[in-house]
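This briefing accompanies the structure displayed below and is arranged by topic. Please read it with the model open alongside.

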Amino acid sequence: MNYESKDTKTDLRGEVFKMWLNCWERISGNSYYIHHLYYQSIGSKRVRETWWRKVLITWLLFWTLVSLWIFWYMSSQATEKRREALGSMCDERARMLQDQFNVSMNHVQAMSILISTFHHGKNPSAIDQMTFTRYTERTAFERPLTSGVAYAVRVLRSEREEFEKQQGWTIKRMDTFEHNPVHKDEPSPIEEEYAPVIFAQDTVSHVISLDMLSGKEDRENVLRARASGKGVLTAPFRLLKTNRLGVILTFAVYKRELPSNATPNERIEATDGYLGGIFDIESLVEKLLQQLASKQTIFVNVYDITNLSQPISMYGSNVSDDGLWHVSTLNFGDPFRKHEMRCRFKQKAPWPLLAISTSIGILVIASLVGHIFQATVNRIAKVEEDYHGMMELKKKAEAADVAKSQFLATVSHEIRTPMNGVLGMLDMLMDTELDVTQQDYVRTAQASGKALVSLINEVLDQAKVESGKLELEAVSFNLRAILDDVLSLFSGKSQDKGVEFTEKGHIFVTVYLVEEVVDSIEVETELSSSKNTLSGYPVADRCHSWKGFKTFNQDGSTSPFKSSSADLINLIVSVEDTGQGIPLEAQSRIFTPFMQVGPSISRTHGGTGIGLSISKYLVGRMKGEIGFVSIPNIGSTFTFTAVFGNGSSTSNEHNSQQMNNQPNSVSSEFQGMKALVVDPRPIRAKVSRYHIQRLGIQVEVVSDLLQCLSQIASGSKIINMILVEQEVWEKDTSVSTLFVNNLRKLGCGFQSKLFLLANSISSSRANTSTDGVSIPSVIMKPLRSSMLAASLQRAMGVGNKGNIRNGELPSMSLRHLLLGRKILIVDDNNVNLKVAAAGLKRYGAAVVCVERGKKATELLTPPHQFDACFMDIQMPEMDGFEATKIIREMEHNFNNRIRRGEVSIEAYENVSNFHVPILAMTADVIQATYEECLRSGMDGYVSKPFEAEQLYREVSRFFPPIPDRSP
Amino acid sequence: MGVLDNQFLQLQQLQDESNPDFVAEVVSLFFADSERLLNDLTRALDQPTIDFKMVDSHVHQLKGSSSSIGAERIKNACVAFRNFCEEQNIEGCMSCLQQVKQEYCLVKNKLETLFRMEQQIVAAGGSIPMMELSF
């Protein structure tokens, strides 16, 4: 089989199959049935298989029958042809034989006339034996079939003596002669009449003087001949002398011309004599056959069938019969005698090779076609099976995908639930009185918890990223605050590793505008080549990490960022660290999801390995690029660019609100103050100075405490605060004590301004308990503006003291926001209703509960006194969406009426535009639900059970803070 | 796995002087509600043709109230129950119903024991500690 043509073959098969099917349809005239059957059979494989097997068997049977029929038909045709050939040959021979016989017979008749004319008509006779012999001898060619001719005369008994005397011999008996040829001269007994032969041809001269009537055959012949007036034949018998088979033809010779209708008696009366011709049939037929070309091919038998039951063979051997023979009747002119010629082939019929080969050929072709069908059907079945298999696999894969999503959703849900507890507890912990350190712990714990939740979200995000469903939301942000938050999130981790700007290495984040980098790119390259990094350690050159970025490869003039820089800000952020770096072989797949450097990495470092892939996607979405460079055992530097919109004035309001929560903005309260940082390490001091400077404080750095003292003692400047690195403080306790005492001497106000910059609280605590020196306030590193500001404020008494200033404490703020508010809660579940009501009452809200959406629409028909409504989504009869739609419609109508002046504004506390905030309460917080909430006119949603922070976030959007009501 | 999660603790925190029997009130409300729902569910699943929509809404309610009270295991059973409802899997629904009932009995027993003990403590003149609920 050659493979190149296989495809076309299958095509051909398909077409042949189609053609066959069409043909069949036409034949059956019931295409619907076939279709039905076919497609039904397609439905179940088993049925189809058996169906096809049946078709195949039918097909083979049909063609077997066809080929058998063809064989039979062709062989019968051949036999027929043979039979025809035989028939024609046989007829030909019979006709020739008959013709020659007739010719001879006619001649014998002619001789009888000759004899009647010249022997009886003349007196004395013109013919004697001599003449007769000569004449017959010379005319023998005229009678090819006769071996001899003889003439017998009719002699009555009365005439015998005279006759014998005249002839000179006595009439002899024939039968005696036959039986006993020795007694040849035995005279014939006395009879009524005699028929002695008087003339005979030489060949038969021995019959002269024999009485023809004495021979049995001859007598009969003679009698019939004279009665009928025609030539008659004897049955074949062994001829005298020659002993061969022969017949004798006898003609009567009459005295006078007789009418054709003369009676037999008249004829007998008129009879003069009898002319007989001896036909040696055997030799004659042989002679005849020898004249014919194809004598070898057939056997010829000639029979006398006057007596049908016992045909007498006149010629031919008895050969075994092969069944095929032809009979031709011979008419020798004697109505009494009947003869026939039987012919058969010498050879048996040859094998009908043509028929056999034709039928076998057809059978082979049919079975080949059947095989092709079979193969086609099998192939179709196989393909279909494969297809079904594929479908099943596809279904499985889809099911697995669904299962994965469900698993993610479930797991995240399951983890979120306990995390809510942890976060809630932390929330509550922050409500209590805490010192700065504790607060920082709690905040870090909370941040870590949130990081865990965000990790879960990240996993979900990855799923979303994979399906491309992630949507970005533009929110204004404070870059510094964000960086501070990010750093503090990982401060625990980095402290564990001791990574600071110390001898152990560093993590350093730089943020630039892209334009600056583009402008200063050469300078940067020069700088970094000098390897003068913050910690003094070599790092991976961050310039290499953005080498591939398109932003920089473009010419400065055509850069799209420059042209649009008015409203777009393109930031480049590099994070460099020192450490073991990323192995070279793993660098290529670092952005592949769930791929980690090695299997052991997750054991030692943890993580899911999806962070970078999500980062890459997000950066891509923000029209930025991400790249990295990593040198093993030196460190890695990751750099990304991102395009941000310029914060417009509309978001300022939001910003200010955020500032309220995060008092890390540069506040004016420290403006103009001066600080001394005591740190022997210039780089670390530089970082500390940077952070303190952000608060607006002027900073000077001194390397040790004594230098610091002298600086203070010089008194040239007023130093508001001294920040001492923990390392310096612990180096020598006596120096520290001296320092404190000296400070006391210099001025009592200073002590409160002494701070310790500590890496970890435990160590500083342990220290302070042992030495007798009064404990300076401790500021935890890494430094964050917010932390720093809070600590300084607390220590120096600057700004508003108290909860509001210090805490982004949602519960307090919630109380602040919700106190005295009238809130409607709609939930069909009593338990939920109760819990929600209690949760809101806790913050001082006045709560009204209803269980039906319908009731809620009644209560919220304007005018009403409610400040907000919390609505369950899934409720019987009327769900949350529907109720909200109705309420919004009513509000719309009412507002229109106010506008048209139908209702006076004053009656309703000057509320000119009713829009009660409706928040959905739902347990499943997914994007789709949120979108539907907004679509139906809701303002937001809170998760159920309430989470204080989320509640705050949502509620604060609608309620302006009421400062005078706060406790 | 705890029968109750921290939601119950939050619930306890909502109880104060102005609302001294809040937890007991909510819990008894929960009992009444749940028993009604469980009866409804049993009846609905006994029908020859099951109205899965109704069953689902019942289970949803039960899930809501149990998550409000912090009966975590009932809630989890309800989640599974709803999945079977979506598949219209009668056998799964039946087994889930049994599971929910079991969990419900467990919670009910525990809570009743708890309240009895609390009452005993109050009667003995003690104060109820806040963080006792970690069984």
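pLDDT is the predictor's confidence in each residue, on a scale from 0 to 100. In this predicted model, local features need pLDDT of at least 70 and side-chain atom pairs count only at pLDDT 80 or more, while totals for chains, interfaces and linings use all residues. Residues are numbered from 1 along each chain as its sequence is written, chains are lettered from A and ligands numbered from 1 in the order in which they are written, and side-chain values use heavy atoms, with hydrogens and water left out.

**Confidence**

- Chain A has an average pLDDT of 71, and 67% of its residues score at least 70.
- Residues 28–35 of chain A have a pLDDT below 50, and this stretch has eight contacts in the model beyond near neighbours in sequence, a contact meaning heavy atoms within 4.5 Å.
- Over residues 176–184 of chain A the pLDDT likewise stays under 50, and the model has seven contacts for them beyond four places in sequence.

**Antiparallel sheet of chain A**

- Helices (H or I, at least four residues) and strands (E, at least two) are DSSP runs, numbered from the N terminus, and two strands pair if DSSP finds at least two bridges between them.
- Four strands of chain A, in the order β10-β9-β12-β11, make up an open sheet with antiparallel pairing, and its edge strands, β10 (312–315) and β11 (325–330), each pair on one side only.
- Neighbouring strands of this sheet are turned by 30 degrees against each other on average, direction ignored; axes are lines fitted to C-alpha atoms, for helices over the stretch in contact, and angles run from 0 to 180 degrees between N-to-C directions.
- Strand β9 (residues 298–304) of chain A is joined to β10(A) by three bridges, and Asp304(A) stands opposite Ile312(A) in β10(A).
- Helix α9 (residues 281–291) of chain A packs on the sheet, where it touches β9 and β10 of chain A, and its direction makes about 50 degrees with that of β10(A).

**Parallel sheet of chain A**

- Five strands of chain A form an open sheet with parallel pairing, in the order β23-β22-β24-β25-β26; β23 (846–850) and β26 (940–943) stand at the edges with a single partner strand each, so one side of each is left without a neighbour in the sheet.
- Strand β22 (residues 822–826) of chain A runs parallel to β23(A) and is joined to it by five bridges, with Val826(A) opposite Val850(A) in β23(A).
- Helix α32 (residues 880–899) of chain A packs on this sheet and touches β24 (868–872) and β25 (918–922) of chain A, its direction making about 150 degrees with that of β24(A).

**Salt bridges**

- Over all chains, the structure holds 14 salt bridges, each a side-chain nitrogen of Lys or Arg within 4 Å of a carboxyl oxygen of Asp or Glu.
- Glu891(A) and Arg888(A) form a salt bridge at 2.8 Å, N to O, and both residues are buried (buried means under 20% relative accessible area, exposed over 50%, partly exposed in between, with a 1.4 Å probe and protein chains only).
- Lys108(B) and Glu35(B) form a salt bridge whose closest N and O atoms are 2.9 Å apart; this pair links helix α5 (residues 90–123) and helix α2 (residues 22–46) of chain B, across 73 residues.
- Asp40(B) forms a salt bridge with Arg36(B), the closest N and O atoms being 3.9 Å apart, and Asp33(B), Arg36(B), Asp40(B) and Arg43(B) are linked in a network of salt bridges.
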